[in-house]
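Subject: Structure for you to look at

Hello,

Please find the structure below. My notes on it follow.

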Amino acid sequence: MNKLTILEFPDPRLRTRAKPIEEVDAGLRALIEAMFETMYEAPGIGLAATQVDVHKRLLVTDVSPGRDEPLCLINPEITERDGVIVTEEGCLSVPDIFAKVERSEHIRVRALGGDGQPLDMEANGLLAVCIQHEMDHLEGKLFVDYLSELKRQRIRKQLEKARRHQDDLTPVLKPGDRAPAI
Ligand code: NI
């Protein structure tokens with residue numbers, strides 16, 4: 001299993017703007033495979049390279065109910081957009097938080113596929129939302145940025161509390177763990 005660690009809000013690395021990919025080589029293909037594994041395992045319907053601390057313009061998605069329609073986009077660009085859709089979004093980097101976000105309902109995307117071949121595709125509804133959400137990650141942007149500052153603060157506190165609670169539940173120190181602060 002090639003599971004990658006997903007960065008969580010408010011980690012400043014999530015604010016990095018990703019760089020274009022110049023070559024689709026074996027290293028990149030291995031990264032794509034690991035990103036799909038990480039996304040399916042999470043489970044999530046999309047994952048941007050930014051979220052696994054790789055700052056390259058790459059994202060993976062699968063919005064199909066059967067989890068059998070993987071889509072990889074390299075250097076994606078939206079060339080057309082139309083309509084408005086509001087959906088409740090979540091994010092693997094902002095666990096257990098959901099909020100309504102407005103996006104374009106139809107988009108046209110130009111990119112390279114996972115095989116390095118150019119592709120020009122249309123996406124609607126959930127897939128369009130997912131691609132726009134992941135492309136925001138590549139710009140260092142999170143869906144919580146569309147919410148008010150007050151709401152974002154509340155989410156940050158909620159996540160901090162959840163993480164503290166997780167620490168409280170650690171039953172015993174395993175070898176190599178840090179000793180508790182006193
Ligand atoms: Ni996300």
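The donor residues of the nickel ion follow the spacing C-x41-H-x3-H in sequence. Donors here are N, O and S atoms within 2.8 Å of the metal (3.2 Å for Na, K and Ca); water is not among the atoms, so sites may look incomplete. Cys91 lies in strand S3 (residues 71-91) and His137 in helix H2 (residues 125-138), so this pair ties together parts 46 residues apart in sequence. Helices (H or I, at least four residues) and strands (E, at least two) are DSSP runs, numbered from the N terminus.

This is a predicted model, in which local features need pLDDT of at least 70 and side-chain atom pairs count only at pLDDT 80 or more, while totals for chains, interfaces and linings use all residues. Residues are numbered from 1 along each chain as its sequence is written, and side-chain values use heavy atoms, with hydrogens and water left out.

The nickel ion is coordinated by Cys91 through SG, and by His133 and His137 through NE2, at 2.1 to 2.3 Å. Both Cys91 and His137 are buried (under 20% relative accessible area; exposed is over 50%, partly exposed in between; 1.4 Å probe, protein chains only).

Glu89 is also found in strand S3. How buried is Glu89? Its relative accessible area is 4%. Glu89 touches His133, and also Ile97, Phe98, Ala99, Val101, Arg103, Val129 and Phe143, leaving aside residues up to four places away in sequence. Contact means heavy atoms within 4.5 Å.

Regards
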